[in-house]
Amino acid sequence: MLGLVALLGFPAATLAVAEGDTPSSWQITAYEVGAKVDGGGTTAVRIDLDFDFSEDPGHGPYVTLPLRQRIADDPDHWRMLDVTVGAVSSSSGANAEVLTKEQDGNLLIRIGNENRTFTGVQHYTINYTIRGLIAPNQAASGLDEFNWNAVGDAWEVPLNDVSVTVTGPVDMRRVACWTGDGYSTPCDEAAQDGMNAHFSEPYLSKGTPLQVVAGFPAGTFTGADARLEKRYHIGNMFPVTPLTGGLTAALSVLGLADRRRRTRRGARDEVYLGMTPGVIPTHGQPVNVGRGVIDAP
C-alpha cells in the first residue's frame with residue numbers, strides 16, 4: 001500500500017457554500033474534478049459542478065483553498081501551498097464574478113454577485129493551479145506521492161456523482177482513495193490506466209471529504225518539494241531551557257503575588273471617617289480623612 005496516512009496528507013480544495021444558513025434543499029448533483037500534474041509538481045485543477053439551488057435562491061458557491069499546512073515532525077515551519085486562481089465561468093448563465101481574500105492561512109474565493117441570486121441547477125467551472133501536493137520519495141512506499149483532498153470537509157451541502165481524474169507526467173505505480181469519517185472508508189472506485197487515475201464516489205454527505213493518492217516512480221518530479229515558511233510560536237520565539245523555564249515559573253508566581261498585593265492595596269481607599277459610606281460632608285463640616293478597609297481576596 002502507499003505510504004499515506006490520511007490525517008498527514010496535504011489539504012487541498014476545501015469548498016463551502018455561500019454565507020449564512022444553508023437551505024436543506026440545496027445540493028450538488030454532479031461534481032467532476034480533473035487534475036493534471038506536470039514534472040515540476042504544479043497541478044492544474046479544473047472543477048465542474050452542478051449546484052442545485054432548487055427554489056431557494058442563492059448567489060453562488062464559496063471556495064476555500066488552504067495556503068499552508070502544519071508539518072507533523074517540524075513545528076517550526078509551515079508547508080506552503082501556492083495557489084493561482086484562473087478562469088471561473090458558468091455555462092448555465094449564473095453570475096461567475098470572482099472575489100478573493102486571504103484569511104487565516106486560507107484563500108477565500110467568492111463566486112457570484114451579492115446583488116444577484118439564482119434558482120434551479122447552475123453549472124460552474126473553476127480553474128486554478130496549486131503547487132505543494134507532491135511528497136517526493138516517501139519512505140514507506142519508495143514513490144513520489146501525489147496526495148490530495150480533492151473534496152474538502154467544509155461543504156455544507158451533499159455531493160452526488162463525484163469523480164476525480166488525476167493525470168501525471170509518467171505512468172503511475174499505485175493509486176488509492178479514501179472517504180468517510182477519519183478517511184477510513186475506501187472509495188467506490190480507485191483505478192489507474194497508465195498516466196491516468198480515476199476515482200469516484202456516488203454520494204458524499206455534507207462535510208464528508210474525499211482524498212486521493214497517486215504514486216509515481218521516485219525521481220519523477222524535479223524541484224517539487226513544497227516551499228516552507230517559518231512558523232512562529234512561543235517555543236521558537238523564546239526557547240525553553242532549564243534556566244528560562246525556571247524563570248518563567250518564578251515570574252508567574254511573582255506576577256500572581258504582585259497582583260494579590262496590588263488588589264489588597266487597592267482595597268484600602270481614602271474615606272471620610274465616621275460617616276456613612278457614600279455620604280459627602282456638607283460645606284464647612286469638620287471631618288477626618290483616613291484609609292478604609294474593604295474585604296478583598
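Colleague: Which residues form one aromatic cluster here?

Modeller: Trp26, Tyr31, Phe51, Phe53 and Trp155 do. Keep in mind that this is a predicted model.

Colleague: How many aromatic pairs does the structure hold, and how do I read the geometry of one?

Modeller: There are 7 aromatic pairs. To read one, take the angle between the ring planes: over 60 degrees counts as edge-to-face. Tryptophan 26 and phenylalanine 51 are such a case, with 80° between the planes and 5.7 Å centre to centre.

Colleague: Where in the chain do tryptophan 26 and phenylalanine 51 lie?

Modeller: They are 25 residues apart, so to speak in distant parts of the chain that the pair links. Tryptophan 26 is in the loop between strand E1 (14–16) and strand E2 (27–37), while phenylalanine 51 belongs to strand E3 (residues 42–52).

Colleague: Are tryptophan 26 and phenylalanine 51 buried or exposed?

Modeller: Both tryptophan 26 and phenylalanine 51 are buried.

Colleague: Now charges and rings. Which charged ends sit over the ring of tryptophan 78?

Modeller: Here you look for a charged end placed over a ring. Arginine 68 has its charged end over the tryptophan 78 ring, 4.1 Å from the centre. The charged end of arginine 231 also sits over that ring, 5.0 Å from its centre.

Colleague: And the largest nonpolar core: how many residues does it have?

Modeller: It has 52 residues. Tyr31, Phe146, Trp148, Val166, Leu210 and Val212 have the most contacts inside it. E2 gives the largest share of this core, 5 residues.

Colleague: What does valine 166 touch, leaving out residues up to four places away in sequence?

Modeller: With those left out, valine 166 touches Ala35, Val37, Phe146, Met172, Met195, Asn196, Ala197, Phe199 and Val212.

Terms used: Residues are numbered from 1 along each chain as its sequence is written. This is a predicted model: local features need pLDDT of at least 70, side-chain atom pairs count only at pLDDT 80 or more; totals for chains, interfaces and linings use all residues. Side-chain values use heavy atoms; hydrogens and water are left out. Rings of Phe, Tyr and Trp (its six-membered ring) pair if their centres lie within 6.5 Å; planes under 30 degrees apart count as stacked, over 60 as edge-to-face and the rest as tilted. Helices (H or I, at least four residues) and strands (E, at least two) are DSSP runs, numbered from the N terminus. Buried means under 20% relative accessible area, exposed over 50%, partly exposed in between (1.4 Å probe, protein chains only). A charge sits over a ring if NZ of Lys or CZ of Arg is within 6 Å of the ring centre and within 35 degrees of the ring normal. A nonpolar core is a set of buried Ala, Val, Leu, Ile, Met, Phe, Trp, Tyr and Cys residues joined through side-chain atoms within 4.5 Å. Contact means heavy atoms within 4.5 Å.
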